[in-house]
Amino acid sequence: MLAVDVETFDLAGPLAHYAEHGYARLGRLLAPEGLETLRERADDLMLGRVSYPGFFWQMDAPTGRYEDAPLGLGWQGPSLDYRKLEKLEKDPRFLEWMENPLFERLARTLIPGDICLYRAILFHKGQRGGSELPWHQDGGKLWGLTKDPELQLWTALDDAPLDGGCVEVVPGSHRWGLATALGGVVPPDQVAARGADRLAVPLPVEAGEVLLLHNYVWHRSRQSRTGQRRRGFSACYMSADTRCVRKKKAPRDFFPLFRRASR
């Protein structure tokens with residue numbers, strides 16, 4: 001699926017940018033054939049042509065408001081209006097992409113020892129524009145872990161131009177730590193105090209491009225105004241030593257991705 005050479009691809013520059021700013025562009029890494037494969041499978045899943053037990057589904061809000069997105073409904077039948085699909089590690093096509101050797105090389109640069117997956121998730125904005133996702137961070141007590149992960153790789157399956165629901169970030173905000181102990185959506189008073197809207201940097205991408213994101217960097221996406229769909233696939237990597245400490249439900253087990261070579 002890779003469009004670049006694993007051994008010669010320069011990671012030093014993007015990793016330095018990621019360390020300083022909390023994000024980096026990796027360029028177009030997904031080859032056209034792989035892009036079509038993942039697009040096809042995304043639609044197979046939404047339309048029920050392929051299914052797996054234990055999948056997570058969330059419909060989009062007809063209002064386009066994040067807070068109106070329905071919770072706990074699960075599968076609602078074939079539709080291209082799903083906002084979020086999770087547990088994509090169950091699908092061999094998406095698993096092949098998140099396990100590609102360049103991602104392994106990158107993850108091993110940042111994470112010692114065995115590496116597992118926190119989540120593999122498809123974020124979708126349909127032709128009607130989808131929902132606006134407010135400023136948020138991916139960590140905190142909401143995630144229920146012994147240690148927050150830091151590494152996410154976000155792959156564009158469609159073009160996401162400036163008016164097409166592209167990811168936006170506040171550069172350097174990962175160094176501020178968590179806005180709240182709970183994590184997730186950043187409270188409006190902190191958004192205003194930090195001047196996040198003024199500091200926002202949009203990251204328009206073309207299909208096949210990959211973004212490197214720190215979990216703590218403030219990021220958001222607006223509704224798409226193009227009339228075109230926007231699918232983005234996000235995989236979050238973390239140390240296999242991380243444990244789930246949630247109390248309300250049984251602790252989660254995490255999918256193993258990369259193991260240390262045995263001696």
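**Close-up views of a predicted model**

**View 1. Gly27 of strand 1 faces Val210 of strand 10.** Gly27 stands opposite Val210, a residue of strand 10, in this predicted model. The pair belongs to an antiparallel pairing between strand 1, residues 23-28, and strand 10, with five bridges.

**View 2. Strand 6 also pairs with strand 10.** Strand 6, residues 151-156, runs antiparallel to strand 10 and is joined to strand 10 by five bridges. Within this pairing, Leu153 has Leu212 of strand 10 as its bridge partner.

**View 3. Strand 10 is covered on both faces.** Strand 10 covers residues 209-214, and six of its six residues are buried. One side carries Glu209, Leu211 and Leu213, and the other carries Val210, Leu212 and His214; all are buried.

**View 4. Leu212 sits in the largest nonpolar core.** This core has 45 residues, and Leu212 is among those with the most contacts inside it, along with Phe94, Met98, Phe233 and Tyr237. Helix 2, residues 32-46, gives the most to this core, with five residues. Neighbours within four places in sequence set aside, the contacts of Leu212 include Pro14, Leu15, Tyr18, Tyr23, Leu26 and Leu106. Leu212 is also in contact with Leu151, Gln152 and Leu153.

**View 5. Helix 2 packs against strands and a helix.** The buried residues of helix 2 include Gly34, Leu35, Leu38, Arg41 and Ala42. Asp43, Asp44, Leu45 and Met46 in helix 2 are buried as well. Among the elements that the buried residues of helix 2 pack against are strand 2 (56-59), strand 3 (82-86) and helix 3 (92-98). Strand 4 (115-125), strand 6 and strand 12 (230-239) are also packing partners of these residues.

**View 6. The length of helix 2 and the residue Gly48.** Helix 2 has 15 residues, which should span 21 Å at 1.5 Å a residue, and its end C-alpha atoms are 21 Å apart, so the two values agree. Gly48 follows helix 2 and has a positive phi, near 80°.

**View 7. The second largest pocket.** About 250 Å³ of space lies in this pocket. Its lining is made up of 14 residues, and those nearest the centre are Leu110, Ile111, Lys147, Glu150 and Ser239. Strand 12 provides the largest share of the lining, three residues.

Definitions and conventions:
Residues are numbered from 1 along each chain as its sequence is written. This is a predicted model: local features need pLDDT of at least 70, side-chain atom pairs count only at pLDDT 80 or more; totals for chains, interfaces and linings use all residues. Side-chain values use heavy atoms; hydrogens and water are left out. Buried means under 20% relative accessible area, exposed over 50%, partly exposed in between (1.4 Å probe, protein chains only). Helices (H or I, at least four residues) and strands (E, at least two) are DSSP runs, numbered from the N terminus. Two strands pair if DSSP finds at least two bridges between them. A nonpolar core is a set of buried Ala, Val, Leu, Ile, Met, Phe, Trp, Tyr and Cys residues joined through side-chain atoms within 4.5 Å. Contact means heavy atoms within 4.5 Å. The expected span of a helix is 1.5 Å times one less than its number of residues. On a 1 Å grid over the protein atoms alone, a cavity is a set of points where a 1.4 Å probe fits but cannot get out, and a pocket is an open set with protein on both sides within 12 Å along at least five of seven lines; lining residues have an atom within 4 Å of a point. Grid points are joined across faces, edges and corners, and a volume is the space filled by probe spheres set on the points.
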